[in-house]
Structures are given as structure tokens and as C-alpha cells.
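Thanks for coming. I will go through one interface today, from its salt bridges to its strands.

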Amino acid sequence: MEVKPKSACETCAQFNAEGLKKLGVNTSDFDFVVALAGNPNTGKSTVFNAMTGLRQHTGNWPGKTVTRAEGAFEYNRQKFKLVDLPGTYSLLSTSEDEEVARNFILFGKPSVTVIVVDASRLERNLNLVLQILEITNNAVLCLNLMDEAERNNLEIDTRTLARDLGIPVVPTSARYNRGIPELIQTVSELANGKILCKPHRIKNIPKNIEQALEKLSTEIKEVYPDIPNSRWIALRLLEGDRNIIETLKTGEFV
Amino acid sequence: MDTKKIDHIISLSNDLRWQIGDEFHDNLAEGIYADAAEIVKDSVHKKDETGAFRIDAKIDKIITSKIWGFPLMFLILAVVLWLTIVGANYPSAMLSGILLDTIHPALKGFASTIGMPWWLDGFLIDGVYLAVAWVIAVMLPPMAIFFPLFTLLEDFGYLPRVAFNLDHLFKLSGAHGKQALTMSMGFGCNAAGIVATRIIDSPRERLIAIITNNFSLCNGRWPTQILIATIFVGALVPASYSGIMSLAAVIGIAVLGMIFMFLVSWGLSKTVLKGEVSTFNLELPPYRPPRFWKTIYTSIIDRTLIVLWRAIVFAAPAGAVIWLISNIYLGDASVASWLIDSLDGFGFLLGLNGVILVAYIVAIPANEIVIPTILMLTVLVTGISAGAGAGVMFELDSVTATGDILRAGGWTLLTAINLMLFSLLHNPCSTTIYTIYKETKSVKWTLVASILPVIMGFVVTFLVAQIWRLLA
């Protein structure tokens with residue numbers, strides 16, 4: 001009997017087309033919630049569409065997504081609900097879109113946060129990435145628009161980047177569906193605890209602020225020992241964030 | 001839970017905030033950027049220093065330049081409008097042929113064979129069905145052209161450049177530069193433009209953007225402008241130039257709308273909505289060649305059909321109302337003629353007439369049905385024989401025939417110009433009003449946003465009429 005040789009793709013661990021089902025807007029009874037965050041105009045909505053099989057309109061202008069959009073996909077018989085957050089440059093201000101993004105990552109407790117960045121503008125995008133890594137432990141960096149970065153003659157050492165950030169890094173070109181299967185695979189491994197992150201925490205904070213954060217976060221940990229992001233809570237307290245003060249009182253984030 | 005401890009944490013955070021002082025934010029941001037720079041240094045390498053971003057920068061240099069920026073913007077707007085106007089003619093004629101000339105008589109015939117009472121037949125088929133058919137025939141083709149073209153420009157990356165060009169004008173008027181983006185969305189649909197104001201951080205500037213979005217001539221009003229400009233303004237010049245003349249008139253009205261947007265923004269920011277202009281970073285994204293067919297598909301599905309659907313939902317009851325007011329009699333005249341007679345005097349002051357004002361009252365749900373309502377009511381009051389009878393909306397196949405009816409109704413160039421002005425300056429449609437309420441959650445600001453433009457419309461048309469009559 002003739003055995004058909006398997007193609008290189010089929011033998012690859014990333015190849016799992018059978019296990020993948022794009023579910024569009026059908027977000028009922030899911031196993032994991034995945035948040036999609038990132039700067040404006042990095043192609044978050046395109047990544048969202050590529051992962052869910054939806055065809056939501058994407059636009060080439062910053063701030064296109066003003067509300068969160070939801071979609072879903074199924075991978076290896078597990079259902080993932082994907083939430084596309086509004087694009088923001090930071091999570092430190094009071095505008096409505098930033099609040100939506102910040103509160104969802106903090107209080108929505110997504111199993112995994114996918115941080116979409118523009119590979120050509122990595123340095124500027126890292127501002128948001130580093131802030132998100134203060135809030136959550138389970139994240140993956142989606143290095144999107146790789147095609148543009150290549151056209152601009154940029155070489156990105158994804159392994160060094162992953163090591164420095166302490167989270168997995170997946171290069172993608174969502175417009176052409178490149179890297180999306182790998183991204184889905186990584187999300188699934190993170191959700192199931194097969195990959196453990198040790199996210200980078202901001203180091204170059206001025207001494208006086210660092211000491212204040214230290215003091216506050218020690219006290220927060222005394223009250224809520226299980227909290228993973230006491231330093232971020234401390235940061236928001238210094239900012240005077242009303243939401244945080246309220247939830248600190250009710251203890252909702254534990 | 002330890003409430004005491006938590007209170008202690010909060011008061012400690014208050015003390016620490018005082019100790020750290022004002023530089024907290026800046027220092028923190030600097031810290032984060034220092035981290036980012038270190039990380040990037042180790043993992044990103046540039047193969048050669050030259051060559052990158054050059055084409056983008058070159059294009060930007062032209063389309064955001066002080067000299068070429070504005071003319072190019074108007075040129076692009078003109079091309080988009082031209083394609084919309086010219087391209088929409090054929091499918092529009094085809095659709096109205098099917099919906100109005102074939103299906104409508106067929107429905108009437110069916111109604112009479114099953115012996116439907118005249119009032120039910122009139123109410124449903126001449127009222128509800130015709131209004132819906134009208135909206136589809138008149139709105140669908142231009143939208144199916146305008147929205148994809150707009151979306152292609154958007155995907156290419158042109159919108160942020162428009163915002164960049166207009167930024168300092170908005171800043172001068174005390175508004176947010178991102179209002180340029182919401183304004184552009186408003187050219188498609190004001191309700192969509194108002195939802196888009198969520199990108200504006202400061203509540204003050206967002207309110208300004210919401211209140212003034214109505215000055216973006218929306219999709220429901222383009223056809224009115226185009227039709228009236230073609231009949232009355234285009235006729236002023238020899239036939240070979242009339243197309244360009246009408247196009248210029250329509251663009252003139254759109255630009256006037258933008259001027260009003262700046263003036264009203266300025267007025268608001270100097271009076272009830274005083275405050276500092278906030279600065280913001282607007283990233284000029286790289287130009288990305290749009291994926292043509294995908295864009296066409298999504299813009300037709302996401303925008304065109306959704307906007308069309310809501311127009312139908314609102315037009316159907318409006319059609320019913322039009323039929324009712326033309327067929328319910330108070331004494332010896334229909335409700336519609338009573339209304340028209342009582343508004344005629346006021347209409348004359350504004351250089352308009354009673355018919356136009358009644359049409360605008362009836363057409364609050366959907367701007368698209370203003371013109372058919374005006375035609376129908378004009379026929380009703382002048383008693384000329386055209387169209388399909390009392391309370392039946394219709395579209396005349398030829399622009400000339402429409403012009404004849406309007407002239408028979410006493411229309412002059414002044415009426416036409418003032419109608420174009422009033423179409424720009426009047427209350428938003430009911431969907432937009434509802435959207436404003438949903439976004440602001442304030443009855444007060446919804447009222448301001450709804451009534452302010454009407455008052456301005458009255459003032460402007462009144463002034464134009466008086467000056468016109470003095471000079472003429």
C-alpha cells in the first residue's frame with residue numbers, strides 16, 4: 001500500500017487546521033477569555049478578524065475601534081472568546097477608550113492578553129506593552145505588520161525580545177493571515193498553562209516613586225495576599241484613580 | 001476584609017502623592033520609555049539607514065503641505081462626489097423603474113382584486129410601501145458608491161491627513177483636532193459621526209464635536225442638494241457647464257457647512273463650553289494600499305446596508321403619516337393643506353414656503369424623503385395633474401419634469417438656494433437625535449444639538465431672503 005508522504009506543513013506542530021474552528025460572533029459558553037490590546041492603528045481589528053473569521057470593517061486611522069468588539073474561535077475543543085479593545089497609546093489617562101481597555105484587562109481578568117504592536121514602531125509601542133505587563137502575567141506579544149517592517153529593512157530578534165519581555169513573541173502579518181495559526185497556538189498554550197510568563201516589570205522608575213510604590217504595594221499585599229499586580233494598583237492609587245479606590249474597598253479584583 | 005487597613009492604604013497613597021508632587025506623570029513616562037529604549041536596542045536592528053519611509057514622507061509632504069493640502073482635499077472631495085452623482089444615476093433609474101413603475105402598480109392591482117378597502121390600500125401601498133421604495137431607489141445607489149469610495153480613502157490612510165490639515169482650524173475654534181475625523185464620518189452619516197466622537201478625550205471638546213456634527217452634510221441630504229442644484233443652479237449657465245456649476249454649488253454648501261462647524265465650535269468654546277484646547281498626538285499611519293474587493297465588500301455590508309435599513313425603518317412610518325395628513329380632512333381641506341396654509345407666511349419670510357416647512361416636519365425621521373414629500377405636497381396644493389394623486393409620494397423620471405412642478409408651485413432661484421441652505425441647517429434626523437442622547441445622556445445637550453441648527457437655519461434663510469429681495 002502506498003503511503004502518501006506528509007508535507008512539511010502537516011508534520012509541523014503548528015499545523016492544526018482540524019483543531020481550529022473560527023466561530024465568528026458566536027461567543028456562548030467559552031472556556032477562556034482573550035483580550036486584544038494595542039496601540040491605535042497596529043492592525044488589532046485585522047488580527048481580530050483573522051482569528052475569529054469575522055469581517056468587521058478595519059480602517060487605516062487611529063481610534064477606529066471605540067467600543068469593544070467580541071468574537072470567538074474554537075481550538076482543540078476549547079472555546080476562546082476574543083475581546084477587541086479600543087486602541088490606546090497608554091493606560092494612564094482618563095479618556096473613555098483608555099478606561100475601557102484598562103478596566104477590562106484589570107477587572108475582566110482575561111485568561112490571556114494578546115498585545116498587538118506595529119513591528120516598525122516597536123519602541124513607541126512598548127510604552128503600552130510595559131504598562132500591560134504590570135497588570136497581567138499572561139500575555140503574548142503579537143508583532144504585527146511584519147511585512148512593513150521587512151520593507152523598511154528592520155530586523156527584529158524575536159527571541160531576545162521574548163526573553164527581555166518575559167512573554168512569548170509571535171511575528172505576524174494579519175492582513176495576509178501570516179503567523180495567525182502560531183498566534184492561536186500560543187494563546188492556547190498560555191491559557192492552558194503550558195507556557196509560563198515572567199513578565200518584565202518597569203525598572204527605570206525614579207527612586208522616590210519606586211519607594212512610594214514599594215510602600216503601598218507591601219500594604220496592599222497584606223490585605224490581598226493573592227493579588228498579582230499590587231504594584232499597578234499602587235500606581236493607580238498614586239494617580240488617584242476612583243475606580244481603583246472603589247474596588248480596593250470592595251475587593252472585586254481578587 | 002480589613003476596612004481600616006484599606007482606609008489606611010488610601011490615606012497613605014494621598015500623602016505619598018503629595019510628596020512625589022507634580023512630576024509623577026512625567027517621571028513615570030520617562031521611566032517607561034527608558035525601559036523601552038533598552039529593550040529595543042537589543043532586539044531591533046536596521047539593515048541600512050536610508051530608504052525607509054521615504055515614499056510615505058514624500059506623499060505626506062505634498063498632501064499635507066500648506067499650499068497643496070487644501071486644494072487637493074477639495075479636489076478629492078469633488079472627484080468622490082462626481083463619481084457618486086454620475087454613477088448613481090443609472091442604478092437609481094433602474095431601481096425606481098422596478099420598485100415604482102412595476103411593483104407598485106402590481107401591488108395596487110393585487111389590492112383591488114382582493115377587495116382591500118381604499119384607505120388600507122392607500123395607507124399601506126401609497127404610504128408605507130412608496131416611502132420605503134423611494135428611500136431604496138434614491139439612497140442605495142449613491143451610498144453603495146459613496147461609502148466604498150470613502151472607505152478606500154480611509155484604508156489608504158488619507159483621513160488622518162485631513163485631520164492634520166484641518167487641525168489648526170479646529171484648534172483656532174477651540175475644538176479638538178480629532179473633530180476633523182468625526183466630521184468626515186459625518187459626511188457619510190451624522191449618527192455614525194457622533195458615535196465616532198468617542199475618540200475625543202475631553203468631555204468639553206467631545207460635546208462640541210457632537211453638537212456641530214450636524215453641519216457635516218450627510219448622505220441623506222446629498223441627493224437633495226444635488227437635485228435642487230441641478231434644477232435651479234445648473235440652469236443658470238449654458239448646458240455644457242451646468243454639471244460643473246451644480247457640482248460647485250453642492251461643494252459650496254458642504255464647505256459652508258464646515259465654516260458653520262468652525263464658527264459654532266468657536267462660539268460654544270467661548271461661551272457655554274469654555275476651556276483649554278487639549279493637545280493630542282495624531283499618528284500619521286503609513287499609506288497602505290487598500291485591499292480593494294475586501295474593502296468594497298465590508299463597506300457595503302457594514303455601512304451601506306445598515307444605514308439603508310435604518311432609513312427604511314424610519315421612512316415607513318413617515319410615509320404613512322404623509323398619506324394620512326393628505327387624506328384626512330378637517331372641514332373642506334386636508335390636514336396637509338391646513339398646515340401648509342398656516343406655515344406659508346412664515347415660509348415666505350424665510351424665502352421658502354409652507355410646503356417645504358411641512359415636508360421638513362414630516363421628514364424628521366429621514367432626510368431622504370424631503371424631496372418626494374415636497375413634490376407630493378406641491379402637487380396637492382397647486383392642483384396640477386402629475387404624479388399619482390393625493391398623498392402618494394413619487395419621483396418624476398426626468399429632472400426637468402421635477403423642475404416644472406416646483407416652478408408651478410412658485411419656486412424661484414431664491415427658494416432653491418434657501419432650501420439648500422435649510423437642508424444644511426436644520427435639526428438632525430431622529431436617529432441622530434437619539435444617538436446624541438445615547439452618547440451624551442443629557443436631555444439638555446440633545447435639545448441644544450437639535451434646536452440650535454434649526455434656529456441658525458431660520459436666521460440664515462431669513463437674512464438671505466431679505467437681502468435678496470432688497471437687491472432684486
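How many salt bridges are there between chain B and chain A? The count is 1, where a salt bridge is a side-chain nitrogen of Lys or Arg within 4 Å of a carboxyl oxygen of Asp or Glu. A:Glu222 makes it with B:Lys5, with 3.1 Å between the closest N and O atoms.

A word on the basis. This is a predicted model in which local features need pLDDT of at least 70, side-chain atom pairs count only at pLDDT 80 or more, and totals for chains, interfaces and linings use all residues. Residues are numbered from 1 along each chain as its sequence is written, chains are lettered from A in the order in which they are written, and side-chain values use heavy atoms, with hydrogens and water left out.

Now the extent. Chain A puts 69 residues into the contact and chain B 61, contact meaning heavy atoms within 4.5 Å. Together they bury about 6200 Å², of which 62% is on carbon and sulfur atoms. Buried area here is the accessible area (1.4 Å probe) that the two parts lose on being put together, summed over both.

Last, the strands. Strand β7 of chain A, residues 154-156, pairs with β1(B) in the antiparallel sense over 3 bridges. Strands are DSSP runs of E, at least two residues, numbered from the N terminus, and two of them pair if DSSP finds at least two bridges between them. Within β1(B), B:Val44 is the bridge partner of A:Ile156.

How values were computed. Helices (H or I, at least four residues) and strands (E, at least two) are DSSP runs, numbered from the N terminus.
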